[in-house]
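Please read them with the structure open.

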Amino acid sequence: MDALDGNAIAGLLHNVFSSEMTTATGTCATCGSASVVGELMVYLQAPGTVVRCPVCGNIMMVFVRRKGMTCVDLTGLAHMAA
Amino acid sequence: MSSVSRGFRGRRRDVGGEEGRVPPGQYVTQDFPVLSAGPTPHTPHDQWSFSVEGAITPRTWTWEEFRSLPSETVTADIHCVTRWSKLDTVWEGVSLDTLLGQADRGGMFVMAHCDGGYTTNLPAQDVLGGQAWVAFGYGGQPLPPEHGGPARLLVPHLYFWKSAKWVRRLLLLDHDMPGFWETYGYHNYGDPWREQRYSGD
């Protein structure tokens with residue numbers, strides 16, 4: 001299945017971080033590559049939203065919408081600079 | 001001529017008597033939506049194998065060995081936690097009774113490991129007794145990669161995230177551990193009839 005790019009989660013990221021994030025740079029905790037959020041690989045067609053590193057394919061972020069809350073896992077993200 | 005509108009009922013999609021077959025909060029779809037948390041692996045048959053490990057005598061089958069095992073045609077209704085259900089899906093697969101053997105697995109758990117890193121956990125009791133298969137065929141055709149081919153788990157009595165696509169390895173455990181979506185707050189067991197979508201449901 002084809003991934004979308006990070007622009008597909010612009011609204012979701014804005015809700016979570018209260019800021020425009022698609023031009024931020026995220027660094028993958030697995031391979032260390034820095035990528036603009038808009039270039040990340042996004043899988044929306046799943047029980048949650050899974051965001052992967054475009055270089056190594058490992059998971060950088062997971063978002064699960066649950067009972068009005070968005071649960072966020074950023075353990076695959078070394079850091080993010082807006 | 002009646003002056004009263006018949007009202008908005010929506011289009012009925014009665015698939016051979018849906019009543020009593022659609023769990024709460026689900027709708028019936030004729031499509032087969034593709035859900036995935038990552039890229040679709042395309043593992044060639046000559047590089048594919050299936051293993052059972054952990055608290056069981058370890059065993060690995062090549063594709064040819066796996067396909068020579070007795071298989072069954074299974075007709076089942078499937079229920080995705082994203083609220084679609086699909087009725088009367090027809091699969092071909094090898095029963096987990098064949099792959100795990102007849103030993104008593106009471107109190108044990110199975111962790112399914114897949115190409116791409118996906119995992120999901122199930123009680124061993126739920127995959128034995130003719131309740132679960134490793135499916136390699138769908139609708140009379142080889143299972144397409146986007147639906148989990150070469151082979152996926154089929155556990156139709158639980159939400160379909162438990163029916164892990166691209167399954168390659170079953171790890172038998174004497175304790176339970178959460179799999180991928182279970183770690184993120186999805187229900188540990190996932191019974192669609194009790195609407196066990198999230199932990200605490």
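1. Start with B:F32. This is a predicted model, and in it B:F32 is buried, at a relative accessible area of 15%. The cut-off for buried is under 20%. B:W84 is also buried, with a relative accessible area of 4%.

2. These two residues meet. B:F32 and B:W84 form an edge-to-face aromatic pair, with 6.1 Å centre to centre and 70° between the planes. Planes over 60 degrees apart count as edge-to-face. B:F32 sits in the loop between β1 (27-28) and β2 (49-54) of chain B, while B:W84 belongs to strand β5 (residues 84-95) of chain B, so the pair ties together parts that are 52 residues apart in sequence.

3. Now look at B:F50 and B:W61. Their ring centres are 6.3 Å apart and their planes stand at 35°, so this pair is tilted. It links distant parts of the chain: B:F50 is in strand β2 of chain B, B:W61 is in strand β3 (residues 59-62) of chain B, and the two are 11 residues apart. Both B:F50 and B:W61 are buried.

4. How many aromatic pairs does the whole structure hold? One cluster is formed by B:Y118, B:Y159, B:W161, B:F180, B:W181, B:Y184, B:Y186 and B:Y198.

5. Turn to chain A. It has 1 helix and 8 strands. From the N terminus, the order of elements is β-α-β-β-β-β-β-β-β.

6. Which strands make up the open sheet of chain A? Its 3 strands are ordered β3-β2-β8, with antiparallel pairing. The edge strands, β3 (34-36) and β8 (77-81) of chain A, each pair on one side only. Neighbouring strands of this sheet are turned by 25° against each other on average, direction ignored.

7. Check the pairing of β2 and β3 in chain A. Strand β2 (residues 25-28) of chain A is joined to β3(A) by 3 bridges, and the two run antiparallel. A:T25 has A:V36 in β3(A) as its bridge partner.

8. The overall dimensions of chain A fit the globule rule. For 82 residues, a compact globule would have a radius of gyration near 12 Å; chain A has 12 Å, so the values agree. The C-alpha trace of chain A spans about 35 × 30 × 20 Å along its principal axes.

9. Last, burial and contacts in chain A. Of its 82 residues, 41% are buried. Chain A exposes about 3900 Å², and carbon and sulfur atoms supply 50% of that area. Among contacts in chain A between residues at least 6 apart in sequence, 45% join residues at least 24 apart.

Note on methods. Residues numbered from 1 in each chain as written. Chains lettered and ligands numbered in written order. Predicted model: local features only at pLDDT ≥ 70, side-chain atom pairs only at ≥ 80, totals over all residues. Heavy atoms only, no water. Pairing = 2+ DSSP bridges. Helix = DSSP H or I, 4+ residues; strand = E, 2+ residues; numbered from the N terminus. Axes fitted to C-alpha atoms, helices over the stretch in contact; angles between N-to-C directions. Phe/Tyr/Trp six-rings, centres within 6.5 Å; stacked < 30°, edge-to-face > 60°. Buried < 20%, exposed > 50% of the residue type's maximum accessible area, 1.4 Å probe, protein only. Rg over C-alpha atoms; globule rule 2.2 N^0.38 Å. Contact = heavy atoms within 4.5 Å. Areas by Shrake-Rupley, 256 points an atom, 1.4 Å probe, with all protein chains shown as cover.
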